[in-house]
Amino acid sequence: MVWGMRWEMEWGIRGPGGVAVFPLMLLVLSGLAGARGGVWDLRSLSCSFRTYCECDFRPDLEGLECDLALHLAGQPLARQLVTKAVRDFVQDPAPSKPLVLSFHGWTGTGKSYVSSLLVRYLFQEGMRSPHVHYFSPIVHFPHPDRIDLYKEDLKGWIQGNLTACGRSLFLFDEMDKMHPGLIDVLRPFLGPSWVLFGTNYRKAIFIFISNAGGEQINQLALEYWRLRKDREEIRLQDLEPAISKAVLDNPRHGFWQSGILEEQLIDLLVPFLPLRRHHVRHCVANELAQQGLEPLEPTIEAVVDSITYFPEEEKLFSSNGCKTVASRIPFFM
């Protein structure tokens, strides 16, 4: 059975290796699983469903930019790069290739959060959209000895879903844990061709997330601070070579010897900077508001103080970004 030719609608999508591939935010934020509805054959999809494909893709670029400005802490460069890339892509009626973004940085700096906002503001059904596909190496590709099967299934899955709807988003998490060689099958889908395997795929979006390059990004941010330079002055060209090298030199990274970086198939390497204390405060206040709790100063300060910072001497950056903020709040209420 080719997974790209059959799928379970909305909740119980079956993907590579026979593992359920749930819509991105459903898996990332709630971890819910289940199946409902029947199995559809993509070769006999109705015109009404093809119309729904475009109807579900309803970009709210103003909402996206506003949410990023208000809630994404400490990432001026990432915010600028992502908003411009997405806006240019969405407003192009005939893009020459899919939009391919690769997010890099330390844990808890906002990579998954930005991905979740893209889903929310690009697809009408958000986390429920059947056109958003999430892949985790641990969940979907856990066995190295099955790499050939995973490659076949992944290729069929991408091809089949793009046949159903060109306006699809594919997100690959933890690329630094992805089996080298697996991602090779994506190369034909990422380039500037107009049609592949009978599929018009140039309106798709691919997002890759990894911690690779995080140490190099942190080092540059530290150097800027020591030179008393504003983090707003950090530019993509200051970081891009170091991030590329960190990925290409890592034999455990999913891009290892894949040719994807070398062939410049990625439109943007997006760096996420390490977060300072006042950025963590911002995250704590946001989380309290989302939980319907009053953002009292003693509570915010207590949560911020409970987090570990580095380097040892300066204690400048949060070791886990804002990743543990939500789980710490109950201890200080």
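Are Phe135 and Phe141 buried or exposed? Phe135 is buried, and Phe141 is buried too. Buried means under 20% relative accessible area, exposed means over 50%, and partly exposed is in between, with a 1.4 Å probe and protein chains only.

A word on the source. This is a predicted model, where local features need pLDDT of at least 70 and side-chain atom pairs count only at pLDDT 80 or more, while totals for chains, interfaces and linings use all residues. Residues are numbered from 1 along each chain as its sequence is written, and side-chain values use heavy atoms, with hydrogens and water left out.

Let's begin with the rings. There are 11 aromatic pairs in the structure. Phe135 and Phe141 make a stacked one, at 6.3 Å centre to centre and 15 degrees between the planes. The rule covers rings of Phe, Tyr and Trp (its six-membered ring): centres within 6.5 Å make a pair, planes under 30 degrees apart are stacked, over 60 edge-to-face, and the rest tilted.

Next, Phe170 and Phe206. Their ring centres are 5.1 Å apart and their planes are at 20 degrees, so this pair is stacked. It links distant parts of the chain: Phe170 sits in strand S5, Phe206 in strand S8 (residues 205-210), 36 residues apart. Helices (H or I, at least four residues) and strands (E, at least two) are DSSP runs, numbered from the N terminus. Phe170 is buried, with a relative accessible area of 0%. Phe206 is buried as well, also with a relative accessible area of 0%.

There is also a cluster. Ring pairs link Phe135, Phe141, Tyr150, Phe172, Phe208 and Phe255.

Now the strands. In a regular strand the side chains alternate between the two faces of the sheet. Take strand S4 (residues 132-135). Val132 and Tyr134 point one way, His133 and Phe135 the other, and all are buried. Strand S5 (residues 169-172) runs parallel to S4, joined by 4 bridges. Two strands pair if DSSP finds at least two bridges between them. His133 has Phe170 as its bridge partner in S5.

Both faces of S5 are covered. Leu169 and Leu171 are buried on one side, Phe170 and Phe172 on the other. S5 and S8 run parallel too, with 4 bridges between them. Which residue of S8 is the bridge partner of Phe170? That is Phe206.

On to the core. The largest nonpolar core has 72 residues, and Phe103, Ile158, Phe172, Phe206 and Phe208 touch the most other members. The largest share of this core comes from H4, with 8 residues. Apart from it lies another core of 14 residues, among them Ala73, Cys283, Tyr309 and Cys322. A nonpolar core is a set of buried Ala, Val, Leu, Ile, Met, Phe, Trp, Tyr and Cys residues joined through side-chain atoms within 4.5 Å.

Leaving aside neighbours within four places in sequence, its contacts include Val100, Phe103, Phe172, Met175, Leu190 and Phe255. Contact means heavy atoms within 4.5 Å.

Then helix H4 itself. Its 15 residues should span 21 Å at 1.5 Å a residue, and the end C-alpha atoms are 21 Å apart, which agrees. The expected span is 1.5 Å times one less than the number of residues. Among the buried residues of H4 are Leu77, Leu81, Val82, Val86 and Phe89. The buried residues pack against helix H3 (61-71), S3, helix H5 (111-122), S8, H10 and S9.

Leu77 is buried, with a relative accessible area of 8%. Leu77 and Glu232 are 155 residues apart in sequence, yet 7.3 Å apart in space, C-alpha to C-alpha. Leaving aside neighbours within four places in sequence, Leu77 is in contact with Ile234, Arg235, Leu236, Leu239 and Pro271.

Last, helix H9 (residues 214-226). Its 13 residues reach 18 Å from first C-alpha to last, close to the 18 Å expected. Its buried residues include Gly214, Ile217, Leu220 and Tyr224. These buried residues of H9 pack against strand S3 (99-105), helix H10 (236-248), strand S9 (268-272), strand S10 (309-310) and strand S11 (317-318). After H9 comes Arg228, with a positive phi near 60 degrees.
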